Amino acid sequence: FDFGLTLPFVAVTFLLMMVVLNALWFAPVTEEVDERNAKLLKTLSQATDMLAKADEMQVEYTANIRDAREKANAQLAAARAKSEEAITAELERASAARDARAAEVRAKLDADVNAKISAAEPEIEKRKAEFVKATLAGAAL
């Protein structure tokens with residue numbers, strides 16, 4: 001093996017090849033990889049920001065929905081209470097009208113019964129007198 005000019009020639013060729021490959025191949029590829037990594041980091045950062053915004057929006061919408069449900073429940077309870085008051089008032093009015101009508105009918109019936117009793121009173125007295133006469137006449141036999 002002759003180490004005279006071959007070894008320095010191979011070494012210089014190797015170093016020259018390294019410089020040429022570094023300038024023409026490795027530098028652009030490294031630059032592209034660095035740009036790609038920067039874009040990925042930027043996209044990842046944007047995605048993280050969007051996720052944080054989405055979480056904030058979800059919390060806000062959840063709060064808005066809860067408030068809307070509370071308002072709807074309050075309005076529903078108020079409407080229910082108002083309806084119950086109206087129904088109770090109507091029931092009380094109907095009950096009072098029924099009681100008044102029942103008292104009126106009861107008074108009329110009592111008056112009719114008393115009138116019929118008064119009208120029948122002379123007939124009762126007449127029959128009573130006849131019964132007493134018939135009984136006394138039968139006992140006198």
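**View 1. Lys128 and Glu125 sit three residues apart in helix α1, about one turn of the helix.** Helices here are DSSP runs (H or I, at least four residues), and strands are E runs of at least two, numbered from the N terminus. The two side chains meet in a salt bridge, 3.8 Å from N to O. A salt bridge is a side-chain nitrogen of Lys or Arg within 4 Å of a carboxyl oxygen of Asp or Glu. Lys128 is partly exposed at 47% relative accessible area. Glu125 is partly exposed too, at 39%. Buried means under 20% relative accessible area, exposed over 50%, and partly exposed in between (1.4 Å probe, protein chains only).

This is a predicted model: local features need pLDDT of at least 70, side-chain atom pairs count only at pLDDT 80 or more, and totals for chains, interfaces and linings use all residues. Residues are numbered from 1 along each chain as its sequence is written, and side-chain values use heavy atoms, leaving out hydrogens and water.

**View 2. Arg127 and Glu123 form a salt bridge of 3.0 Å, N to O.** Both lie in helix α1, four residues apart, about one turn of the helix. Arg127 is exposed, at 57%. Glu123 is partly exposed, at 36%.

**View 3. Arg98 pairs with Asp99 in a salt bridge.** Their closest N and O atoms are 3.2 Å apart. Arg98 counts as exposed at 53% relative accessibility, while Asp99 counts as partly exposed at 42%. A search of the whole structure finds five salt bridges.

**View 4. Nonpolar side chains make a surface patch of about 850 Å².** Its members include Leu16, Trp25, Phe26 and Val29. Patch residues have over 30% relative accessible area and no salt bridge; like charges are joined within 9 Å, nonpolar side chains (Val, Leu, Ile, Met, Phe, Trp, Tyr) within 5 Å. Areas come from the Shrake-Rupley method with a 1.4 Å probe; for residues, only the protein chains shown count as cover. Val29 is in helix α1 and is partly exposed, at 35%.

View 5. Thr13 lies in helix α1. What share of the 141 residues is buried? Buried residues make up 0%. The C-alpha trace spans about 190 × 35 × 15 Å along its principal axes.
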